[in-house]
Amino acid sequence: MTTRDITIEVQNGVEVSPVAKCVQVASQFESKIYVERDTKRVNAKSIMGMMALGIVPGQKVSVSAEGADEVQAIEGIAKFLENK
């Protein structure tokens, strides 16, 4: 399992468009991917879960992935969420 702390830089984190894009990015990978904020942990491939997380710019989250492409999955999610 690979884990990385990320500061959200993508704008409008709770609007459908950025959340939907994040789910699309996560869905490209075989690994199980989770995003955690405070005590909530959600599947990064679930649009409802990601919306319920309520992430906004400036917040810190922890992203973890487990599977054959976990390193690439973390990099892909980080690139999107950090707006790089």
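Which residues are linked in a network of salt bridges? Arg 4, Glu 75 and Glu 82 are. The model is predicted, with local features needing pLDDT of at least 70 and side-chain atom pairs pLDDT 80 or more, while totals for chains, interfaces and linings use all residues. Residues are numbered from 1 along each chain as its sequence is written, and side-chain values use heavy atoms, without hydrogens and water.

**View 1. Salt bridges of Arg 4 with Glu 75 and Glu 82.** A salt bridge is a side-chain nitrogen of Lys or Arg within 4 Å of a carboxyl oxygen of Asp or Glu. Between Glu 75 and Arg 4 the closest N and O atoms are 3.1 Å apart. This pair joins helix 3 (residues 70–81) to strand 1 (residues 2–7), 71 residues apart; helices (H or I, at least four residues) and strands (E, at least two) are DSSP runs, numbered from the N terminus. For Arg 4 and Glu 82 the closest N and O atoms are 3.3 Å apart. Glu 82 lies in the segment after helix 3, 78 residues from Arg 4. Glu 82 is buried at 15% relative accessible area, whereas Arg 4 is partly exposed at 26% (buried, under 20%; exposed, over 50%; partly exposed, in between; 1.4 Å probe, protein chains only).

**View 2. The hairpin of strand 2 and strand 3.** Strand 2 (residues 32–37) and strand 3 (residues 40–43) run antiparallel, joined by four bridges; pairing requires at least two DSSP bridges between two strands. Arg 37 stands opposite Lys 40. Asp 38 has a positive phi near 55° and forms a salt bridge with Arg 37 (3.3 Å, N to O). Asp 38 is exposed at 65%, while Arg 37 is buried at 16%.
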